[in-house]
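Subject: Structure for your files

Hello,

Please read them with the model open.

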There are 4 protein chains.
Amino acid sequence: MISHVYHHRVRYRECDPMGVVYHGHYLDFFEYARTEALREMGLPYKAMEDRGIILPVIDLAVQYKRPAFYDDLLAITTHFDGVPRVRIRLDYEVRRNGEDRVLTTGHVTLCFVDAATNRPTPAPPEVIAVFEKARTQD
Amino acid sequence: MISHVYHHRVRYRECDPMGVVYHGHYLDFFEYARTEALREMGLPYKAMEDRGIILPVIDLAVQYKRPAFYDDLLAITTHFDGVPRVRIRLDYEVRRNGEDRVLTTGHVTLCFVDAATNRPTPAPPEVIAVFEKARTQD
Amino acid sequence: MISHVYHHRVRYRECDPMGVVYHGHYLDFFEYARTEALREMGLPYKAMEDRGIILPVIDLAVQYKRPAFYDDLLAITTHFDGVPRVRIRLDYEVRRNGEDRVLTTGHVTLCFVDAATNRPTPAPPEVIAVFEKARTQD
Amino acid sequence: MISHVYHHRVRYRECDPMGVVYHGHYLDFFEYARTEALREMGLPYKAMEDRGIILPVIDLAVQYKRPAFYDDLLAITTHFDGVPRVRIRLDYEVRRNGEDRVLTTGHVTLCFVDAATNRPTPAPPEVIAVFEKARTQD
(Lines give C-alpha, C1' and ligand atoms only; values in the text may rest on other atoms or scores of the structure.)
Protein backbone atom coordinates (compact mmCIF):
# COMPACT_ATOMS: atom_id res chain seq x y z
CA MET A 1 0.00 0.00 0.00
CA ILE A 2 1.14 3.52 -0.89
CA SER A 3 0.46 6.28 1.63
CA HIS A 4 0.88 10.06 1.59
CA VAL A 5 0.12 12.74 4.21
CA TYR A 6 -1.12 16.22 3.28
CA HIS A 7 -1.52 19.06 5.78
CA HIS A 8 -4.39 21.52 5.62
CA ARG A 9 -5.10 24.51 7.86
CA VAL A 10 -8.86 24.88 8.47
CA ARG A 11 -10.08 28.24 7.12
CA TYR A 12 -12.87 30.48 8.39
CA ARG A 13 -14.79 30.09 5.15
CA GLU A 14 -14.86 26.31 5.74
CA CYS A 15 -16.56 26.54 9.15
CA ASP A 16 -20.31 26.72 9.72
CA PRO A 17 -22.53 28.16 12.46
CA MET A 18 -21.88 25.02 14.60
CA GLY A 19 -18.26 26.30 14.66
CA VAL A 20 -16.98 23.19 12.87
CA VAL A 21 -15.85 22.32 9.34
CA TYR A 22 -18.92 22.06 7.09
CA HIS A 23 -19.19 18.43 5.92
CA GLY A 24 -18.92 19.24 2.20
CA HIS A 25 -15.42 20.68 2.52
CA TYR A 26 -13.86 17.30 3.32
CA LEU A 27 -14.24 16.48 -0.38
CA ASP A 28 -12.09 19.54 -1.09
CA PHE A 29 -9.47 18.30 1.37
CA PHE A 30 -9.50 14.90 -0.35
CA GLU A 31 -8.88 16.62 -3.71
CA TYR A 32 -5.93 18.59 -2.32
CA ALA A 33 -4.50 15.44 -0.71
CA ARG A 34 -4.67 13.23 -3.81
CA THR A 35 -3.31 15.99 -6.05
CA GLU A 36 -0.21 16.33 -3.90
CA ALA A 37 0.10 12.55 -3.45
CA LEU A 38 0.09 12.08 -7.23
CA ARG A 39 2.53 14.97 -7.73
CA GLU A 40 4.95 13.43 -5.24
CA MET A 41 4.74 10.10 -7.09
CA GLY A 42 5.79 11.97 -10.25
CA LEU A 43 2.33 12.01 -11.78
CA PRO A 44 0.94 15.56 -11.61
CA TYR A 45 -2.76 15.56 -12.53
CA LYS A 46 -2.20 18.51 -14.87
CA ALA A 47 0.28 16.48 -16.92
CA MET A 48 -2.34 13.74 -17.29
CA GLU A 49 -4.90 16.26 -18.51
CA ASP A 50 -2.32 17.64 -20.95
CA ARG A 51 -1.97 14.08 -22.34
CA GLY A 52 -5.75 13.88 -22.85
CA ILE A 53 -6.66 11.80 -19.79
CA ILE A 54 -9.22 13.15 -17.30
CA LEU A 55 -10.14 11.54 -14.00
CA PRO A 56 -13.76 12.24 -13.02
CA VAL A 57 -15.01 11.04 -9.63
CA ILE A 58 -17.46 8.15 -10.01
CA ASP A 59 -18.29 7.43 -6.39
CA LEU A 60 -17.33 8.45 -2.90
CA ALA A 61 -18.30 8.01 0.73
CA VAL A 62 -17.45 9.86 3.92
CA GLN A 63 -17.86 8.88 7.58
CA TYR A 64 -17.81 11.78 10.07
CA LYS A 65 -16.76 10.68 13.55
CA ARG A 66 -15.58 13.85 15.29
CA PRO A 67 -15.59 17.51 14.25
CA ALA A 68 -12.63 19.61 13.13
CA PHE A 69 -12.49 23.24 14.27
CA TYR A 70 -11.41 26.61 12.89
CA ASP A 71 -7.63 26.95 12.54
CA ASP A 72 -6.99 23.25 13.24
CA LEU A 73 -4.02 21.88 11.33
CA LEU A 74 -5.30 18.66 9.77
CA ALA A 75 -3.25 15.71 8.52
CA ILE A 76 -5.03 13.95 5.64
CA THR A 77 -3.64 10.52 4.79
CA THR A 78 -4.28 9.12 1.32
CA HIS A 79 -3.90 5.39 0.72
CA PHE A 80 -3.73 3.86 -2.77
CA ASP A 81 -4.29 0.14 -2.87
CA GLY A 82 -2.63 -1.65 -5.76
CA VAL A 83 -2.13 -0.62 -9.34
CA PRO A 84 -5.00 1.14 -11.14
CA ARG A 85 -6.70 -0.35 -14.19
CA VAL A 86 -9.66 1.66 -15.49
CA ARG A 87 -10.47 2.87 -12.00
CA ILE A 88 -8.46 3.98 -9.05
CA ARG A 89 -9.71 3.99 -5.45
CA LEU A 90 -8.20 6.27 -2.81
CA ASP A 91 -8.90 5.88 0.90
CA TYR A 92 -8.59 8.80 3.29
CA GLU A 93 -8.17 9.38 7.01
CA VAL A 94 -8.32 12.86 8.52
CA ARG A 95 -6.66 13.55 11.88
CA ARG A 96 -5.68 16.65 13.79
CA ASN A 97 -1.95 16.92 13.16
CA GLY A 98 0.02 14.97 15.78
CA GLU A 99 -3.01 13.06 17.10
CA ASP A 100 -3.82 9.38 16.59
CA ARG A 101 -7.57 9.75 16.79
CA VAL A 102 -9.27 9.71 13.40
CA LEU A 103 -11.83 12.49 12.84
CA THR A 104 -13.11 11.47 9.42
CA THR A 105 -12.65 8.61 6.98
CA GLY A 106 -13.70 8.27 3.37
CA HIS A 107 -12.89 7.04 -0.08
CA VAL A 108 -13.12 8.40 -3.60
CA THR A 109 -13.09 6.34 -6.81
CA LEU A 110 -11.84 7.99 -9.99
CA CYS A 111 -12.14 6.66 -13.53
CA PHE A 112 -9.54 7.12 -16.28
CA VAL A 113 -11.39 8.73 -19.19
CA ASP A 114 -10.12 9.62 -22.67
CA ALA A 115 -10.97 13.32 -23.01
CA ALA A 116 -11.29 13.04 -26.80
CA THR A 117 -13.89 10.27 -26.79
CA ASN A 118 -15.24 10.83 -23.27
CA ARG A 119 -15.06 7.05 -22.72
CA PRO A 120 -13.39 5.08 -19.90
CA THR A 121 -9.91 3.95 -20.82
CA PRO A 122 -7.27 1.79 -19.12
CA ALA A 123 -4.66 3.70 -17.13
CA PRO A 124 -1.81 4.52 -19.54
CA PRO A 125 1.43 2.48 -19.19
CA GLU A 126 3.37 5.42 -17.68
CA VAL A 127 0.74 5.67 -14.91
CA ILE A 128 0.92 1.94 -14.25
CA ALA A 129 4.71 2.19 -14.12
CA VAL A 130 4.60 4.96 -11.51
CA PHE A 131 2.31 2.93 -9.27
CA GLU A 132 4.39 -0.24 -9.70
CA LYS A 133 7.49 1.69 -8.71
CA ALA A 134 5.82 3.39 -5.73
CA ARG A 135 4.57 0.02 -4.48
CA THR A 136 7.98 -1.59 -4.51
CA GLN A 137 9.56 1.41 -2.76
CA ASP A 138 6.96 1.36 -0.03
CA MET B 1 -42.01 6.69 1.84
CA ILE B 2 -42.01 10.47 1.79
CA SER B 3 -40.63 12.21 -1.32
CA HIS B 4 -39.92 15.82 -2.24
CA VAL B 5 -38.49 17.40 -5.42
CA TYR B 6 -36.24 20.50 -5.33
CA HIS B 7 -35.14 22.36 -8.45
CA HIS B 8 -31.65 23.83 -8.79
CA ARG B 9 -30.18 25.81 -11.66
CA VAL B 10 -26.49 24.90 -12.20
CA ARG B 11 -24.29 27.98 -11.70
CA TYR B 12 -21.03 28.91 -13.39
CA ARG B 13 -19.17 28.79 -10.07
CA GLU B 14 -20.25 25.14 -9.69
CA CYS B 15 -18.69 24.00 -12.98
CA ASP B 16 -15.09 22.93 -13.44
CA PRO B 17 -12.63 22.90 -16.36
CA MET B 18 -14.26 19.68 -17.66
CA GLY B 19 -17.34 21.90 -18.18
CA VAL B 20 -19.41 19.86 -15.73
CA VAL B 21 -20.61 20.27 -12.14
CA TYR B 22 -17.68 19.66 -9.78
CA HIS B 23 -18.45 16.55 -7.74
CA GLY B 24 -18.35 18.29 -4.35
CA HIS B 25 -21.27 20.57 -5.15
CA TYR B 26 -23.77 17.71 -5.15
CA LEU B 27 -23.51 17.77 -1.35
CA ASP B 28 -24.63 21.41 -1.49
CA PHE B 29 -27.59 20.42 -3.67
CA PHE B 30 -28.50 17.70 -1.17
CA GLU B 31 -28.46 20.30 1.64
CA TYR B 32 -30.74 22.65 -0.30
CA ALA B 33 -33.10 19.76 -1.14
CA ARG B 34 -33.48 18.45 2.40
CA THR B 35 -33.87 21.95 3.86
CA GLU B 36 -36.82 22.64 1.58
CA ALA B 37 -38.26 19.13 2.06
CA LEU B 38 -38.25 19.64 5.84
CA ARG B 39 -39.69 23.15 5.51
CA GLU B 40 -42.56 21.82 3.40
CA MET B 41 -43.27 19.16 6.01
CA GLY B 42 -43.61 21.97 8.57
CA LEU B 43 -40.23 21.36 10.18
CA PRO B 44 -37.85 24.19 9.20
CA TYR B 45 -34.31 23.33 10.22
CA LYS B 46 -33.88 26.79 11.72
CA ALA B 47 -36.78 26.14 14.12
CA MET B 48 -35.06 22.93 15.26
CA GLU B 49 -31.81 24.82 15.91
CA ASP B 50 -33.78 27.45 17.83
CA ARG B 51 -35.12 24.62 20.07
CA GLY B 52 -31.55 23.44 20.73
CA ILE B 53 -31.40 20.50 18.31
CA ILE B 54 -28.65 20.38 15.68
CA LEU B 55 -28.38 17.78 12.90
CA PRO B 56 -24.75 17.13 11.91
CA VAL B 57 -24.03 14.81 8.98
CA ILE B 58 -22.53 11.51 10.17
CA ASP B 59 -22.09 9.73 6.87
CA LEU B 60 -22.83 10.09 3.19
CA ALA B 61 -22.17 8.48 -0.17
CA VAL B 62 -22.57 9.65 -3.76
CA GLN B 63 -22.59 7.70 -7.04
CA TYR B 64 -21.88 9.78 -10.17
CA LYS B 65 -23.33 8.20 -13.32
CA ARG B 66 -23.60 11.05 -15.83
CA PRO B 67 -22.46 14.69 -15.72
CA ALA B 68 -24.63 17.78 -15.28
CA PHE B 69 -23.73 20.88 -17.28
CA TYR B 70 -23.72 24.65 -16.81
CA ASP B 71 -27.21 26.16 -16.72
CA ASP B 72 -28.96 22.75 -16.49
CA LEU B 73 -32.11 22.86 -14.41
CA LEU B 74 -31.79 19.90 -12.05
CA ALA B 75 -34.55 18.09 -10.18
CA ILE B 76 -33.27 16.66 -6.89
CA THR B 77 -35.59 14.11 -5.29
CA THR B 78 -35.25 13.50 -1.54
CA HIS B 79 -36.70 10.31 -0.04
CA PHE B 80 -37.18 9.83 3.70
CA ASP B 81 -37.74 6.25 4.74
CA GLY B 82 -39.77 5.81 7.90
CA VAL B 83 -39.79 7.79 11.12
CA PRO B 84 -36.46 9.00 12.53
CA ARG B 85 -35.18 7.86 15.91
CA VAL B 86 -31.68 9.17 16.79
CA ARG B 87 -30.66 9.20 13.14
CA ILE B 88 -32.39 10.07 9.93
CA ARG B 89 -31.33 8.84 6.50
CA LEU B 90 -32.20 10.73 3.30
CA ASP B 91 -31.79 9.24 -0.16
CA TYR B 92 -31.31 11.42 -3.21
CA GLU B 93 -31.68 11.17 -6.97
CA VAL B 94 -30.57 13.95 -9.31
CA ARG B 95 -32.07 14.25 -12.80
CA ARG B 96 -32.16 16.93 -15.45
CA ASN B 97 -35.63 18.42 -15.04
CA GLY B 98 -38.18 16.59 -17.16
CA GLU B 99 -35.90 13.60 -17.86
CA ASP B 100 -36.21 10.09 -16.41
CA ARG B 101 -32.51 9.26 -16.57
CA VAL B 102 -30.77 9.56 -13.21
CA LEU B 103 -27.48 11.53 -13.25
CA THR B 104 -26.43 11.06 -9.64
CA THR B 105 -27.64 9.15 -6.58
CA GLY B 106 -26.60 9.44 -2.96
CA HIS B 107 -27.59 9.38 0.66
CA VAL B 108 -26.84 11.45 3.73
CA THR B 109 -27.35 10.34 7.35
CA LEU B 110 -27.95 13.02 9.97
CA CYS B 111 -27.91 12.58 13.75
CA PHE B 112 -30.16 14.44 16.19
CA VAL B 113 -27.81 16.13 18.67
CA ASP B 114 -28.63 18.17 21.78
CA ALA B 115 -26.72 21.43 21.21
CA ALA B 116 -26.35 22.02 24.98
CA THR B 117 -24.69 18.69 25.76
CA ASN B 118 -23.36 17.94 22.26
CA ARG B 119 -24.67 14.36 22.67
CA PRO B 120 -26.94 12.34 20.35
CA THR B 121 -30.58 12.54 21.39
CA PRO B 122 -33.79 10.90 20.18
CA ALA B 123 -35.79 12.94 17.68
CA PRO B 124 -38.19 15.14 19.70
CA PRO B 125 -41.91 14.13 19.74
CA GLU B 126 -42.93 17.05 17.48
CA VAL B 127 -40.46 15.82 14.87
CA ILE B 128 -41.76 12.25 15.12
CA ALA B 129 -45.32 13.59 14.80
CA VAL B 130 -44.48 15.48 11.60
CA PHE B 131 -42.98 12.35 10.01
CA GLU B 132 -45.88 10.15 11.14
CA LYS B 133 -48.32 12.60 9.60
CA ALA B 134 -46.33 12.94 6.34
CA ARG B 135 -46.20 9.16 6.01
CA THR B 136 -49.94 8.67 6.34
CA GLN B 137 -50.61 11.50 3.85
CA ASP B 138 -48.27 9.99 1.31
CA MET C 1 -32.08 52.10 -15.91
CA ILE C 2 -32.96 48.40 -16.10
CA SER C 3 -33.60 46.59 -12.81
CA HIS C 4 -34.22 42.97 -11.85
CA VAL C 5 -34.83 41.27 -8.48
CA TYR C 6 -33.56 37.76 -7.69
CA HIS C 7 -34.47 35.86 -4.52
CA HIS C 8 -31.97 33.68 -2.70
CA ARG C 9 -32.49 31.58 0.42
CA VAL C 10 -29.38 31.68 2.65
CA ARG C 11 -27.95 28.15 3.05
CA TYR C 12 -26.15 26.61 6.01
CA ARG C 13 -22.98 26.12 3.93
CA GLU C 14 -22.91 29.89 3.29
CA CYS C 15 -22.84 30.85 7.01
CA ASP C 16 -19.72 31.10 9.12
CA PRO C 17 -18.96 30.73 12.85
CA MET C 18 -20.22 34.32 13.43
CA GLY C 19 -23.61 32.88 12.36
CA VAL C 20 -23.80 35.19 9.34
CA VAL C 21 -23.26 34.86 5.59
CA TYR C 22 -19.51 34.65 4.88
CA HIS C 23 -18.53 37.74 2.89
CA GLY C 24 -17.26 35.85 -0.15
CA HIS C 25 -20.65 34.31 -0.92
CA TYR C 26 -22.16 37.67 -1.93
CA LEU C 27 -20.18 37.32 -5.18
CA ASP C 28 -22.04 34.05 -5.77
CA PHE C 29 -25.36 35.81 -5.15
CA PHE C 30 -24.37 38.52 -7.64
CA GLU C 31 -23.62 35.82 -10.24
CA TYR C 32 -27.03 34.17 -9.71
CA ALA C 33 -28.77 37.55 -9.90
CA ARG C 34 -27.15 38.71 -13.15
CA THR C 35 -27.61 35.30 -14.80
CA GLU C 36 -31.35 35.41 -14.18
CA ALA C 37 -31.56 39.12 -15.09
CA LEU C 38 -29.91 38.42 -18.45
CA ARG C 39 -32.10 35.35 -19.03
CA GLU C 40 -35.24 37.39 -18.40
CA MET C 41 -34.05 40.02 -20.90
CA GLY C 42 -33.77 37.22 -23.49
CA LEU C 43 -30.00 36.94 -23.29
CA PRO C 44 -29.06 33.72 -21.48
CA TYR C 45 -25.35 33.69 -20.71
CA LYS C 46 -25.06 30.14 -22.03
CA ALA C 47 -26.29 31.29 -25.47
CA MET C 48 -23.57 33.96 -25.48
CA GLU C 49 -20.91 31.35 -24.69
CA ASP C 50 -22.31 29.13 -27.45
CA ARG C 51 -21.78 32.07 -29.87
CA GLY C 52 -18.15 32.37 -28.75
CA ILE C 53 -18.48 35.33 -26.37
CA ILE C 54 -17.32 34.98 -22.77
CA LEU C 55 -17.77 37.58 -20.03
CA PRO C 56 -14.97 37.47 -17.45
CA VAL C 57 -15.18 39.72 -14.39
CA ILE C 58 -12.59 42.52 -14.56
CA ASP C 59 -13.36 44.37 -11.34
CA LEU C 60 -15.77 44.40 -8.45
CA ALA C 61 -16.39 45.99 -5.09
CA VAL C 62 -18.65 45.16 -2.15
CA GLN C 63 -19.77 47.24 0.84
CA TYR C 64 -21.08 45.24 3.82
CA LYS C 65 -23.43 47.28 6.02
CA ARG C 66 -25.46 44.71 7.96
CA PRO C 67 -25.24 40.92 8.20
CA ALA C 68 -27.60 38.37 6.62
CA PHE C 69 -28.45 35.25 8.65
CA TYR C 70 -29.07 31.57 8.04
CA ASP C 71 -32.36 30.86 6.25
CA ASP C 72 -33.00 34.54 5.43
CA LEU C 73 -34.77 35.04 2.13
CA LEU C 74 -32.72 37.71 0.35
CA ALA C 75 -33.83 40.01 -2.49
CA ILE C 76 -30.88 40.91 -4.71
CA THR C 77 -31.55 43.82 -7.07
CA THR C 78 -29.39 44.13 -10.21
CA HIS C 79 -29.22 47.49 -12.01
CA PHE C 80 -27.79 47.87 -15.53
CA ASP C 81 -27.00 51.40 -16.52
CA GLY C 82 -27.14 52.11 -20.23
CA VAL C 83 -26.12 49.98 -23.18
CA PRO C 84 -22.89 47.97 -22.96
CA ARG C 85 -19.97 48.60 -25.29
CA VAL C 86 -16.88 46.50 -24.54
CA ARG C 87 -17.70 46.45 -20.82
CA ILE C 88 -20.86 46.15 -18.82
CA ARG C 89 -21.26 47.32 -15.22
CA LEU C 90 -23.90 45.86 -12.91
CA ASP C 91 -24.81 47.42 -9.58
CA TYR C 92 -26.31 45.35 -6.78
CA GLU C 93 -28.32 45.91 -3.61
CA VAL C 94 -29.06 43.08 -1.19
CA ARG C 95 -32.03 43.32 1.17
CA ARG C 96 -33.95 40.89 3.34
CA ASN C 97 -37.07 40.18 1.29
CA GLY C 98 -39.84 42.67 2.10
CA GLU C 99 -37.52 45.09 3.93
CA ASP C 100 -36.33 48.51 2.71
CA ARG C 101 -33.04 48.48 4.58
CA VAL C 102 -30.05 47.61 2.40
CA LEU C 103 -27.70 44.97 3.86
CA THR C 104 -25.02 44.99 1.18
CA THR C 105 -24.20 46.93 -1.98
CA GLY C 106 -21.70 46.24 -4.71
CA HIS C 107 -20.87 46.28 -8.36
CA VAL C 108 -19.27 43.93 -10.86
CA THR C 109 -17.78 44.92 -14.24
CA LEU C 110 -17.69 42.29 -16.99
CA CYS C 111 -15.82 42.50 -20.28
CA PHE C 112 -17.02 41.05 -23.59
CA VAL C 113 -14.24 38.75 -24.79
CA ASP C 114 -13.98 36.77 -28.02
CA ALA C 115 -13.33 33.21 -26.83
CA ALA C 116 -11.41 32.35 -30.02
CA THR C 117 -8.87 35.17 -29.75
CA ASN C 118 -9.18 35.77 -26.00
CA ARG C 119 -9.31 39.54 -26.75
CA PRO C 120 -11.87 42.15 -25.66
CA THR C 121 -14.55 42.71 -28.27
CA PRO C 122 -17.51 45.10 -28.59
CA ALA C 123 -20.84 43.69 -27.42
CA PRO C 124 -22.43 41.99 -30.45
CA PRO C 125 -25.38 43.80 -32.14
CA GLU C 126 -27.97 41.34 -30.79
CA VAL C 127 -26.78 42.10 -27.24
CA ILE C 128 -26.97 45.85 -27.88
CA ALA C 129 -30.48 45.40 -29.32
CA VAL C 130 -31.68 43.55 -26.21
CA PHE C 131 -30.41 46.34 -23.94
CA GLU C 132 -31.90 49.07 -26.16
CA LYS C 133 -35.25 47.32 -26.04
CA ALA C 134 -35.12 46.75 -22.27
CA ARG C 135 -34.32 50.41 -21.71
CA THR C 136 -37.28 51.70 -23.71
CA GLN C 137 -39.64 49.26 -21.96
CA ASP C 138 -38.43 50.37 -18.58
CA MET D 1 4.64 49.24 5.50
CA ILE D 2 4.40 45.62 6.62
CA SER D 3 4.34 42.93 3.90
CA HIS D 4 3.83 39.17 3.91
CA VAL D 5 3.78 36.58 1.10
CA TYR D 6 1.51 33.54 1.15
CA HIS D 7 1.68 30.72 -1.40
CA HIS D 8 -1.40 28.99 -2.71
CA ARG D 9 -1.66 26.13 -5.20
CA VAL D 10 -4.69 26.58 -7.49
CA ARG D 11 -7.11 23.66 -7.05
CA TYR D 12 -9.41 22.03 -9.59
CA ARG D 13 -12.48 23.03 -7.58
CA GLU D 14 -11.41 26.68 -7.92
CA CYS D 15 -11.35 26.66 -11.74
CA ASP D 16 -14.34 27.28 -13.98
CA PRO D 17 -15.30 26.23 -17.52
CA MET D 18 -13.07 29.02 -18.92
CA GLY D 19 -10.21 26.95 -17.39
CA VAL D 20 -9.24 29.79 -15.03
CA VAL D 21 -9.70 30.58 -11.35
CA TYR D 22 -13.33 31.66 -10.75
CA HIS D 23 -13.27 35.30 -9.64
CA GLY D 24 -14.92 34.69 -6.27
CA HIS D 25 -12.10 32.47 -5.01
CA TYR D 26 -9.64 35.36 -4.81
CA LEU D 27 -11.48 36.44 -1.67
CA ASP D 28 -10.66 33.03 -0.21
CA PHE D 29 -6.99 33.51 -1.12
CA PHE D 30 -7.04 36.92 0.57
CA GLU D 31 -8.46 35.30 3.74
CA TYR D 32 -5.73 32.64 3.76
CA ALA D 33 -3.05 35.30 3.17
CA ARG D 34 -4.12 37.66 5.95
CA THR D 35 -4.63 34.79 8.42
CA GLU D 36 -1.07 33.63 7.93
CA ALA D 37 0.28 37.22 7.89
CA LEU D 38 -1.37 37.89 11.27
CA ARG D 39 -0.18 34.55 12.67
CA GLU D 40 3.39 35.35 11.69
CA MET D 41 3.14 38.75 13.40
CA GLY D 42 2.14 36.90 16.59
CA LEU D 43 -1.54 37.70 16.34
CA PRO D 44 -3.47 34.57 15.34
CA TYR D 45 -7.06 35.45 14.45
CA LYS D 46 -8.32 32.59 16.60
CA ALA D 47 -6.68 34.13 19.69
CA MET D 48 -8.48 37.42 18.96
CA GLU D 49 -11.80 35.60 18.71
CA ASP D 50 -11.05 33.82 21.99
CA ARG D 51 -10.57 37.29 23.58
CA GLY D 52 -14.00 38.37 22.31
CA ILE D 53 -12.89 40.40 19.28
CA ILE D 54 -14.25 39.53 15.83
CA LEU D 55 -13.14 41.11 12.54
CA PRO D 56 -15.97 41.20 9.97
CA VAL D 57 -15.20 42.44 6.46
CA ILE D 58 -16.85 45.83 5.82
CA ASP D 59 -15.70 46.51 2.28
CA LEU D 60 -13.50 45.09 -0.44
CA ALA D 61 -12.56 45.54 -4.07
CA VAL D 62 -10.75 43.37 -6.61
CA GLN D 63 -9.19 44.21 -9.99
CA TYR D 64 -8.65 41.23 -12.32
CA LYS D 65 -5.89 41.88 -14.86
CA ARG D 66 -4.79 38.42 -16.02
CA PRO D 67 -6.12 34.93 -15.31
CA ALA D 68 -4.57 32.28 -13.07
CA PHE D 69 -4.76 28.65 -14.22
CA TYR D 70 -5.23 25.23 -12.68
CA ASP D 71 -2.21 24.05 -10.65
CA ASP D 72 -0.50 27.47 -10.77
CA LEU D 73 1.46 28.23 -7.63
CA LEU D 74 0.38 31.73 -6.64
CA ALA D 75 2.23 34.22 -4.44
CA ILE D 76 -0.23 36.48 -2.60
CA THR D 77 1.34 39.56 -1.03
CA THR D 78 -0.50 41.27 1.83
CA HIS D 79 0.40 44.87 2.76
CA PHE D 80 -0.72 46.51 6.01
CA ASP D 81 -0.39 50.26 6.03
CA GLY D 82 0.10 51.80 9.45
CA VAL D 83 -1.38 50.87 12.80
CA PRO D 84 -5.07 49.91 12.98
CA ARG D 85 -7.60 51.92 14.97
CA VAL D 86 -11.19 50.71 14.64
CA ARG D 87 -10.56 49.50 11.12
CA ILE D 88 -7.73 47.79 9.35
CA ARG D 89 -7.14 47.84 5.62
CA LEU D 90 -5.14 45.16 3.81
CA ASP D 91 -3.92 45.49 0.24
CA TYR D 92 -3.21 42.45 -1.90
CA GLU D 93 -1.26 41.56 -5.02
CA VAL D 94 -1.47 38.13 -6.63
CA ARG D 95 1.34 36.89 -8.86
CA ARG D 96 2.37 33.56 -10.28
CA ASN D 97 5.22 32.48 -8.01
CA GLY D 98 8.55 33.79 -9.30
CA GLU D 99 7.00 36.24 -11.76
CA ASP D 100 6.90 40.03 -11.50
CA ARG D 101 3.68 40.53 -13.43
CA VAL D 102 0.67 41.14 -11.21
CA LEU D 103 -2.41 39.04 -12.05
CA THR D 104 -4.85 40.50 -9.54
CA THR D 105 -4.95 43.33 -7.01
CA GLY D 106 -7.43 44.10 -4.30
CA HIS D 107 -8.07 45.31 -0.79
CA VAL D 108 -10.20 44.22 2.16
CA THR D 109 -11.19 46.41 5.10
CA LEU D 110 -11.95 44.72 8.42
CA CYS D 111 -13.55 46.28 11.48
CA PHE D 112 -12.70 45.42 15.09
CA VAL D 113 -15.99 44.42 16.73
CA ASP D 114 -16.71 43.50 20.35
CA ALA D 115 -18.42 40.09 20.04
CA ALA D 116 -20.37 40.67 23.29
CA THR D 117 -21.98 43.94 22.22
CA ASN D 118 -21.66 43.49 18.45
CA ARG D 119 -20.37 47.10 18.25
CA PRO D 120 -17.21 48.48 16.63
CA THR D 121 -14.39 48.85 19.11
CA PRO D 122 -10.84 50.26 18.94
CA ALA D 123 -8.14 47.68 18.27
CA PRO D 124 -6.98 46.38 21.70
CA PRO D 125 -3.56 47.61 22.99
CA GLU D 126 -1.89 44.23 22.41
CA VAL D 127 -2.93 44.41 18.73
CA ILE D 128 -1.61 47.97 18.41
CA ALA D 129 1.64 46.86 20.05
CA VAL D 130 2.12 44.03 17.55
CA PHE D 131 1.66 46.41 14.61
CA GLU D 132 3.96 49.05 16.14
CA LYS D 133 6.62 46.41 16.60
CA ALA D 134 6.21 44.99 13.08
CA ARG D 135 6.49 48.49 11.60
CA THR D 136 9.73 49.29 13.32
CA GLN D 137 11.20 45.90 12.33
CA ASP D 138 10.24 46.45 8.73
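Two strands count as paired if DSSP finds at least two bridges between them. With that in hand, chain C has an open sheet of 3 strands, in the order 2-7-8 and with antiparallel pairing. Strand 2 (53-54) and strand 8 (119-120) of chain C are its edges; each has a single partner strand, so one side of each lacks a neighbour in the sheet. Strand 7 (residues 113-114) and strand 8 of chain C run antiparallel and are joined by 2 bridges. Within strand 8 of chain C, Arg119(C) is the residue opposite Asp114(C).

Bear in mind throughout that this is a predicted model.

Chains A and B

The contact here involves 15 residues of chain A and 15 residues of chain B. On the chain A side, helix 1 and strand 3 (57-64) each supply at least two residues. Strand 3 of chain A gives the largest share of that side, 8 residues. By class, the side of chain A that touches chain B has 10 nonpolar, 3 polar and 2 charged residues.

Strand 3 of chain A also pairs across to the other chain: 5 bridges join it to strand 3 (residues 57-64) of chain B, and the two run antiparallel. One of the partners to look up is Gln63(B), which bridges to Asp59(A).

Chains B and C

Chain B superposes on chain C by a rotation of 180° with 0.0 Å of shift along the axis, at an RMSD of 0.0 Å. The two copies are therefore related as by a two-fold rotation axis. In chain B, the residue that comes closest to this axis is His8(B), with its C-alpha at 5.8 Å.

Helix 1 of chain A

Helix 1 (residues 25-40) of chain A has 16 residues and spans 23 Å from first C-alpha to last, close to the 22 Å expected at 1.5 Å a residue. Its buried residues include Tyr26(A), Phe29(A), Phe30(A) and Leu38(A), and also the charged Glu31(A) and Arg34(A). Just after this helix, Gly42(A) has a positive phi of about 95°.

Regards

Key: Residues numbered from 1 in each chain as written. Chains lettered and ligands numbered in written order. Predicted model: local features only at pLDDT ≥ 70, side-chain atom pairs only at ≥ 80, totals over all residues. Least-squares fit on C-alpha atoms with pLDDT ≥ 70 in both. Helix = DSSP H or I, 4+ residues; strand = E, 2+ residues; numbered from the N terminus. Expected span 1.5 Å × (residues − 1). Buried ≥ 20, exposed ≤ 12 C-beta atoms within 10 Å, placed from the backbone. Contact = placed C-beta atoms within 7 Å.
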